[in-house]
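Hi everyone, thanks for making time this morning. I'd like to walk you through one structure, so let me put it up on the screen.

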Amino acid sequence: MTIVFIAKDFSRFSDLVARLRREQAVELVPVSTGAAGLKQLKDKRPDLVIVDEQLDDMSGIEFVKQLVMVNPLANTTIVSSLAGEDFHEATEGLGVLMHLPPHPGKEDAEALLTILAKIGLLLQPAPPKATS
């Protein structure tokens, strides 16, 4: 599983990153600006894109709005200090899986991995039907 993580300062994500790295099949790809992230994601299909609330060149929400234009099927998660209802209002229609708190911990990583596992199950082909 490939996770692209876009943030200007990764130091406050140490618990989240440590938990994600414990997963055997997780490759974390750090990116430091929105522009670099958009360029990298234009033709790639990572399993998840995690975006910090504020990047050097744009907000996390603005990044996702631009990402939807170049890669509409990307699964995204935004770090945000907005309350649940405000976050939903700001990201409605963008297909954001969930939002992470400003200092996400191991339990947030667990919730994220659970969502990704459910998506993975949905994307698996159905088993062939038994014939009589």
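I'll talk about a helix and its packing, then about some aromatic rings. One thing to keep in mind throughout: this is a predicted model.

Let's begin with helix 3, which covers residues 60-70. Which of its residues are buried? They are Gly 60, Ile 61, Phe 63, Val 64 and Leu 67. Looking down the axis of helix 3, you'll find these buried residues within an arc of 150 degrees, so they line one face of the helix.

Now for the rings. Searching the whole structure turns up 2 aromatic pairs. In one of them, Phe 5 and Phe 10 have ring centres 5.3 Å apart and planes at 80 degrees; an angle over 60 counts as edge-to-face, so that is what this pair is. Phe 5 also pairs with Phe 13: here the centres are 5.0 Å apart and the planes sit at 55 degrees, so this pair is tilted.

Together, these ring pairs link Phe 5, Phe 10 and Phe 13 into a cluster. How exposed is each member? Phe 5 is buried at 2% relative accessibility, and Phe 13 is buried too, at 0%. Phe 10, with 28%, is partly exposed.

Note on methods. Residues are numbered from 1 along each chain as its sequence is written. This is a predicted model: local features need pLDDT of at least 70, side-chain atom pairs count only at pLDDT 80 or more; totals for chains, interfaces and linings use all residues. Side-chain values use heavy atoms; hydrogens and water are left out. Buried means under 20% relative accessible area, exposed over 50%, partly exposed in between (1.4 Å probe, protein chains only). Helices (H or I, at least four residues) and strands (E, at least two) are DSSP runs, numbered from the N terminus. The arc is that of the directions from the helix axis to the C-beta atoms. Rings of Phe, Tyr and Trp (its six-membered ring) pair if their centres lie within 6.5 Å; planes under 30 degrees apart count as stacked, over 60 as edge-to-face and the rest as tilted.
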